[in-house]
Amino acid sequence: MKQTINIRQCGIILIMCIFANKLLLMPSLLYTNVKADGIFVTAILFLIELAIIPLIFLLKKHFPKQSLYEILKSRTGVIFTKLIYMLLLIFFLFKIILVFSITYVYFKQQIYKDEIIWIALISILPVINHSVANGIRPLARTMEIFFALVLIGFLACLGFSLFTNIELPHMFLSDIQSFFGAMYKHLFSFGDMIFLFLILDKIEIKEGEEKKVYHYAILGFILIIMLYFLYYGKYQVTSFMHNNALADILVFSVQFNAIGRLDIIAMITILFITIFQLEIFSYGFSDCFLHIFPKLNNIYSIIVFDITFLILYYFFLGKYEIMINLTSTWLTVLAVIINVIFPLILFVIYLVKRSKNEETD
């Protein structure tokens, strides 16, 4: 029996995708390029990404029972479809490495201070492997259960930061070239909503429910913009020095009356968000792998993922700086293909399908 998810679960997955790679290092990197105008860079990239949602509904309407693979295969052929899925597989693999790299450095700095890479890998790999093996429905239900905790934790971080010294950030300081350069340079950190195309046939949408997805998307966007605004307002010209935005906005307020250290709120929130993001992208990797090699099953996809991830991370991309540099150079080309060209291809497929339907009518 094919696993399906409801519209609320789809919206929660969407929010986790919006959060991906934007809560810790991203504000600092943006400030280095365009100062506090990073808020506007994020807003524009988000609005571009938001165009994916109506495209998902249009495809769902015209191909209600077909998966993304079936849609592409019937319209573009097997070879082109497998090529697209190979690019998506690489895309999700590097998303996983990026999320893991940034969060690993954060927890190492905050808790252990020493190198704990094998402890981290042994802790996280079985969790995401189990999630992939169980399928999208248990993953979505788990996220649904803990969503309130994540949301409360996020809002608590924003709320407690107000007890620190915050001023209006200085904006409109970057030139046009730097602004659009930053948009291109950080394109790989966006586009996570592409995952929803992979589960197109697994989303159950009842009549009139589409607007709920937009509500979740807007909520995620507002939370990100609020975080960036408070972060830049708090640190101003030193924003480039602080690499863990959601946690760093609590600095100087970690002791609050008799409550004790408040940075534990950020740690727990970041932990849950990271686990869910890794599970989402790992599922995306597995789905792509199984469509490229249809005779294999989940176990093979999990084994291939674990081996590939360990080899790439430990021997090639283990250094934090290498991965960050890669995302702003070579991986931006992949981001253009996946985030821009791929949705345009799907839009053309939709237009052709609609035209044929009108001719038949």
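**Charged pairs, then the rest**

Guide: Start at Glu-209, which counts as buried at 15% relative accessibility. Buried means under 20% relative accessible area, exposed means over 50%, and partly exposed lies in between (1.4 Å probe, protein chains only). A word on the source: this is a predicted model, where local features need pLDDT of at least 70, side-chain atom pairs count only at pLDDT 80 or more, and totals for chains, interfaces and linings use all residues. Residues are numbered from 1 along each chain as its sequence is written, and side-chain values use heavy atoms, with hydrogens and water left out.

Now the partner of Glu-209. A salt bridge links Glu-209 to Lys-212, with the closest N and O atoms 4.0 Å apart. The term has a cut-off: a side-chain nitrogen of Lys or Arg within 4 Å of a carboxyl oxygen of Asp or Glu. Lys-212 is partly exposed, at a relative accessible area of 38%. Elsewhere, salt bridges with shared partners join Lys-22, Lys-95 and Asp-192 into one network. Side chains of opposite charge can pair when their charged atoms come close.

Count them up. The whole structure holds 5 salt bridges. One of them joins Asp-192 and Lys-22, where the closest N and O atoms are 3.3 Å apart. Asp-192 sits in the loop between helix H9 (176-185) and helix H10 (195-198), while Lys-22 sits in the loop between helix H1 (7-19) and helix H2 (26-34), so the pair ties together parts 170 residues apart in sequence. Helices here are DSSP runs (H or I, at least four residues), numbered from the N terminus. Asp-192 and Lys-22 are both buried. Another salt bridge joins the side chains of Asp-201 and Lys-202, at 3.7 Å from N to O. Asp-201 is buried, and Lys-202 is buried too.

Next, the rings. There are 30 aromatic pairs in the structure. Among them, Tyr-106 and Phe-107 pair edge-to-face, with 4.9 Å centre to centre and 65° between the planes. Rings of Phe, Tyr and Trp (its six-membered ring) pair if their centres lie within 6.5 Å; planes under 30 degrees apart count as stacked, over 60 as edge-to-face and the rest as tilted. Tyr-106 is buried, with a relative accessible area of 0%. Phe-107 is buried as well, at 15% relative accessibility. Compare the rings of Phe-272 and Phe-276: their centres are 6.3 Å apart and their planes stand at 35°, so this pair is tilted. Phe-272 and Phe-276 are 4 residues apart in helix H13, which means about one helical turn separates them. Phe-276 is buried at 3% relative accessibility.

Stay in H13 for a moment. This helix covers residues 263-292 and also holds Gln-277. Gln-277 is buried, with a relative accessible area of 4%. What does Gln-277 touch? Leaving out residues up to four places away in sequence, Gln-277 touches Met-16, Phe-19, Ala-20, Asn-21 and Val-99. Touching, or contact, means heavy atoms within 4.5 Å.

Rings also gather. Phe-91, Phe-92, Phe-188, Phe-195, Phe-281 and Tyr-283 form one aromatic cluster. Two of those names come up again at Leu-334, whose contacts are Leu-87, Ile-90, Phe-91 and Phe-188, not counting residues up to four places away in sequence. Leu-334 lies in helix H16 (residues 330-360). Leu-334 is buried, at a relative accessible area of 10%. Its C-alpha atom is 7.7 Å from that of Phe-188, although Leu-334 and Phe-188 are 146 residues apart along the chain.

Now turn to helix H15 (residues 320-327). Here Tyr-320, Met-323, Ile-324, Leu-326 and Thr-327 are buried. These residues cover an arc of only 160° around the axis, so they lie on the same side of H15. The arc is taken from the directions that run from the helix axis to the C-beta atoms.

Finish on the surface. A nonpolar patch there has about 1,300 Å² of accessible area together, and its residues include Trp-118, Ile-122, Phe-293 and Tyr-300. Patches take residues with over 30% relative accessible area and no salt bridge; like charges are joined within 9 Å, nonpolar side chains (Val, Leu, Ile, Met, Phe, Trp, Tyr) within 5 Å. Accessible areas come from the Shrake-Rupley method with a 1.4 Å probe, and for residues only the protein chains shown count as cover. Helix H7 (117-134) and helix H14 (298-316) each supply at least two residues of the patch. H14 gives the largest share, 8 residues. Ile-122 belongs to H7. At 62% relative accessibility, Ile-122 is exposed.
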